[in-house]
Amino acid sequence: AEGPLTERLLTALTAGEDAGGDKRGHSSAAILIKAPQTTAFHDLRVDEHENPVEELRRVYEAAVEASDGFSESSKERIFD
């Protein structure tokens, strides 16, 4: 997959699910990225959902849209 790391991780999670996933089933999915410049969508989690990977992608897309350039270096303007 190409693109930002979060996109590539979501693609990998989807591919794993499409290939059969965990034989025990699944009800949650998460992405946590540690980076020099973290963003609001680097720490996402979905618990107790019928389609957690699909829901994680929806949450990711909503977070990207809502983040509007938020980063660790810009959080002072939000929390001051």
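Helices (H or I, at least four residues) and strands (E, at least two) are DSSP runs, numbered from the N terminus. By that definition, the protein chain of this predicted model holds 3 helices and 2 strands. Their order from the N terminus is α-β-β-α-α. Residues are numbered from 1 along each chain as its sequence is written. Because the model is predicted, local features need pLDDT of at least 70 and side-chain atom pairs count only at pLDDT 80 or more, while totals for chains, interfaces and linings use all residues; side-chain values use heavy atoms, with hydrogens and water left out.

**Confidence and overall figures**

- The mean pLDDT of the protein chain is 82, and 85% of its residues reach 70 or more; pLDDT is the predictor's confidence in each residue, from 0 to 100.
- Confidence is highest in helix H1, at a mean of 91, and lowest in helix H3 (residues 76-79), at 52.
- Of the 80 residues of the protein chain, 25% count as buried. Buried means under 20% relative accessible area, exposed means over 50%, and partly exposed lies in between (1.4 Å probe, protein chains only).
- The accessible surface of the protein chain comes to about 5700 Å², and carbon and sulfur atoms hold 49% of it. Such areas come from the Shrake-Rupley method with a 1.4 Å probe, and for residues only the protein chains shown count as cover.
- Among the contacts in the protein chain with a separation of 6 or more, 42% involve residues 24 or more positions apart. Contact means heavy atoms within 4.5 Å.

**Helix H1**

- Helix H1 covers residues 5-18, and its 14 residues should span 20 Å at 1.5 Å a residue; the end C-alpha atoms are 20 Å apart, which agrees. The expected span is 1.5 Å times one less than the number of residues.
- Thr 6 lies in this helix and is buried, with a relative accessible area of 2%.
- Leaving aside neighbours within four places in sequence, Thr 6 is in contact with Ile 31, Ile 33, Phe 41, His 42 and Tyr 60.
- After H1 comes Gly 20, whose phi is positive, near 125 degrees.

**The strand pair**

- Strand S1 (residues 29-32) and strand S2 (residues 43-46) pair in the antiparallel sense over 4 bridges. Two strands count as paired if DSSP finds at least two bridges between them.
- Ile 31 stands opposite Leu 44 in S2.
- The covered face of S1 presents Ala 29 and Ile 31, whereas Ala 30 and Leu 32 are on the uncovered face. In a regular strand the side chains alternate between the two faces of the sheet.

- Glu 48 is found in the loop between S2 and helix H2 (52-67).
- Although Glu 48 is not a glycine, its phi is positive, at about 50 degrees. Most residues other than glycine have a negative phi.
- Glu 48 counts as exposed, because its relative accessibility is 68%.

**Helix H2 and Val 53**

- Val 53 is found in helix H2 and is buried, with a relative accessible area of 8%.
- Beyond its neighbours within four places in sequence, Val 53 is in contact with Leu 13, Thr 14, Glu 17 and Ala 29.
- Val 53 and Leu 10 are 43 residues apart in sequence, and their C-alpha atoms are 7.6 Å apart in space.

**Salt bridges**

- The structure holds 3 salt bridges. A salt bridge is a side-chain nitrogen of Lys or Arg within 4 Å of a carboxyl oxygen of Asp or Glu.
- Arg 57 and Glu 7 form one of them, at 3.3 Å from N to O. Arg 57 lies in helix H2 and Glu 7 in helix H1, so the pair ties together parts that are 50 residues apart in sequence. Arg 57 is partly exposed at 22% relative accessible area, and Glu 7 is partly exposed at 25%.
- Asp 47 and Arg 45 meet in another, at 3.0 Å from N to O. Asp 47 is partly exposed, with a relative accessible area of 44%, whereas Arg 45 counts as exposed at 56%.
- Glu 55 and Arg 58 also form a salt bridge, with their closest N and O atoms 2.8 Å apart. Both residues lie in helix H2, 3 residues apart, about one turn of the helix. Glu 55 is buried at 17% relative accessible area, whereas Arg 58 is partly exposed at 46%.
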